[in-house]
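I opened this entry to keep track of what I looked up in the structure. The notes follow the order in which I went through it.

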Amino acid sequence: MRLAFLGAVALLGVAVGGAFIGVGGGVLAQSADPTAGPAAAPLPEWAYPVNPPIAQFDATVQHTLPGSSRKYTQAQVENDFTPPDWFPEDHPAMPTVVANGRAPAVKACSKCHVTNGAGHPESSDIAGMPEAYIIRQMADFKDGRRKGARAGPMLPIAKAVSDEELREAARYYAALPRVAWTKVVETDTVPKTELHVGGMRFAVDEGGTEPIGNRIIELPEAPERAHLRDSRVGFVAHVPVGSVKRGEALVKGDGGQTLPCATCHGPDLKGIDEVPYLTGRSPMYVFRQLNDIKVGTRSGPSAEQMQPIVAKFTQDDMLAIAAYLATLPR
């Protein structure tokens, strides 16, 4: 159902990045703010999760992970300036901005993108991205060219981070190898879920299933480890049956609906120069970026090149494309 935002917005949602976001009902209504881009279909709730109210995190119980000698309380795990580094042997030394950020506005990059760069649902996979691409995207956040419904947390960071901090972070993440992070499963049904901190979905305690419909549902492989921001365990993306094959045809340009993605992103879709890779990424994230470009909340020179292409796609097309790309080797 569609959400009416009138005077009930305080009950139904929050304003982030220029767009009103509502909870429940399956779709999110965009705001009438003219800076938020042209009118479009409601944003699908599954792709634009709204963080639930932040609770008080426990600061007494210390948690551990297999293979790690480190211990963190949940309060430390969720601290924006001291996020966990469970496996320091897995990565090079992190610059200060990645490990701890700079209070009050520059949150640690590793809080959301994790030490391995693979990210969680609130963020993107940036491991191995070209350094220049990362810097350009931060400039787009800062200048208002990226203002989609999930962009809100990045805006104050982009405005406050120094040029040197940005270069250090971009250099760190660009040098990281990409790790296996997302498995794709086609299915007709998925576990019933609820949202937790970071926009992550978890199966509800009471269990049960529901039809997947036209959605992508990403769930952690190991829920408790995901709560602790484990950098060694990724996610399972549940997608509708038949979407991978349909997405493959669209990506390859079969039928002439659009140019093959390889035209710009390279024959293996792993990027060329500043053009980003597409393979093995979170399909929910890829869908969201395609849709943001389509509705105009992601702009700038690179996005403008994509606009004539995504203009031809329906939301189901973009879902299928994202599902297929997630199956490809990273």
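**Ser110 and its surroundings**

I began with Ser110, whose side chain reaches the backbone oxygen of Val98 at 2.8 Å. I note that the model is a predicted one. I placed Ser110 in helix α4, which covers residues 109–113. Is Ser110 buried or exposed? I found a relative accessible area of 5% for Ser110, so this residue is buried, the limit being under 20%. Leaving out residues up to four places away in sequence, I listed Pro83, Met94, Val98, Ala99, Thr115 and Tyr173 as the residues that Ser110 touches.

**Cysteines**

How many does a search of the whole structure find? The search gave zero. I checked Cys109, and its closest cysteine sulfur is that of Cys112, at 9.3 Å. A disulfide needs two cysteine sulfur atoms within 2.5 Å, so the sulfurs of Cys109 and Cys112 are too far apart for a bond. I also noted that Cys109 is buried, with a relative accessible area of 18%. For Cys261 I found the closest cysteine sulfur in Cys264, at 8.8 Å, which is again too far for a bond.

**Second largest pocket**

I turned to the second largest pocket, which holds about 650 Å³ of space. I counted 31 residues in its lining, and those closest to the pocket centre are His265, Pro276, Leu278, Ile293 and Met306. Which helix gives the largest share of the lining? I found that α12 does, with six residues. Helices that each supply at least two lining residues are α5 (131–142), α10 (262–265), α11 (283–295), α12 (301–310) and α13 (315–327). By residue class, I recorded the lining as 20 nonpolar, seven polar and four charged.

**Pro191**

My last stop was Pro191, in strand β6, residues 189–191. I wrote down a relative accessibility of 26%, so Pro191 counts as partly exposed, a class that lies between 20% and 50%. Residues touching Pro191, again without those up to four places away in sequence, are Ala203, Gly208, Thr209, Glu210 and Leu219. I also looked up Ile217, which is 26 residues from Pro191 in sequence, with 9.0 Å between the two C-alpha atoms.

Conventions. Residues numbered from 1 in each chain as written. Predicted model: local features only at pLDDT ≥ 70, side-chain atom pairs only at ≥ 80, totals over all residues. Heavy atoms only, no water. Buried < 20%, exposed > 50% of the residue type's maximum accessible area, 1.4 Å probe, protein only. 1 Å grid on protein atoms, 1.4 Å probe; cavity = no way out; pocket = protein on both sides within 12 Å on 5 of 7 lines; lining within 4 Å. Points joined across faces, edges and corners; volume = space filled by probe spheres on them. Helix = DSSP H or I, 4+ residues; strand = E, 2+ residues; numbered from the N terminus. Nonpolar A, V, L, I, M, F, W, Y, C, P; charged D, E, K, R; others polar. Polar contact = N/O pair within 3.5 Å; in protein donor to acceptor, adjacent residues only side chain to side chain. Contact = heavy atoms within 4.5 Å.
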